[in-house]
Amino acid sequence: MRVLKWSILVSSALIAAIPVEAWAQLPKPPQGFDQRASGVATGKVTSITYPTSDYGEQKAQVYTPPGYSTATKYPTLYLLHGLNGTETLWASAGAAPAILDNLIAKNEAKPMVVVMPNGSMTEPSDFNGFGLFEPVLLEELIPHIESNY
């Protein structure tokens with residue numbers, strides 16, 4: 001448990017520490033990467049709620065790939081938004097479903113379940129609310145997803 005907690009904190013610190021000039025050196029994604037390509041099968045995004053012991057019902061969106069079947073075990077990605085975001089950000093502004101559908105169609109990603117939770121247990125602009133989410137993620141959301149997907 002301590003290793004995961006440390007990894008989350010280190011990852012956040014590293015991302016924030018990258019100078020603006022370094023971002024400019026990253027390769028640009030291909031034109032239209034975030035637009036569903038013609039003829040590509042479409043996955044499904046479902047809005048869910050799940051129970052928590054301290055914060056009541058919480059919201060998340062779950063992407064399931066084209067051809068999803070409960071009989072198949074899929075890898076699961078928990079895709080968290082940043083400050084001021086909510087569970088809808090990746091599926092809307094981030095175009096995660098279209099990007100995933102394209103990658104899966106080109107065999108550049110395995111079909112997977114992607115969980116996009118509301119990652120703040122207070123307000124979207126409250127940094128401290130994100131720290132409160134870690135035990136919810138580990139002890140409540142992950143078991144809920146594992147038992148339902």
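Two strands are taken to pair if DSSP finds at least two bridges between them. In this predicted model, β1 and β2 are joined by 9 bridges and run antiparallel. The two strands form a hairpin, with 3 residues between them. Within this pairing, T46 stands opposite V62 of β2.

Strand β2 also pairs with β4; here 4 bridges join the strands, which again run antiparallel.

The largest nonpolar core contains 14 residues, of which Y50, V115, F133, L141 and I145 touch the most other members. Two or more residues of this core come from each of β1 (44-52), β2 (56-64), β4 (113-117) and α4 (127-148). The largest share, 6 residues, is given by α4. In soluble globular proteins, nonpolar side chains tend to be buried together.

Leaving aside residues up to four places away in sequence, V115 touches A60, Q61, T76, L77, Y78, L79, L141 and I145. Two of these contacts, L141 and I145, are themselves among the core residues that touch the most other members.

Key:
Residues are numbered from 1 along each chain as its sequence is written. This is a predicted model: local features need pLDDT of at least 70, side-chain atom pairs count only at pLDDT 80 or more; totals for chains, interfaces and linings use all residues. Side-chain values use heavy atoms; hydrogens and water are left out. A nonpolar core is a set of buried Ala, Val, Leu, Ile, Met, Phe, Trp, Tyr and Cys residues joined through side-chain atoms within 4.5 Å. Buried means under 20% relative accessible area, exposed over 50%, partly exposed in between (1.4 Å probe, protein chains only). Contact means heavy atoms within 4.5 Å.
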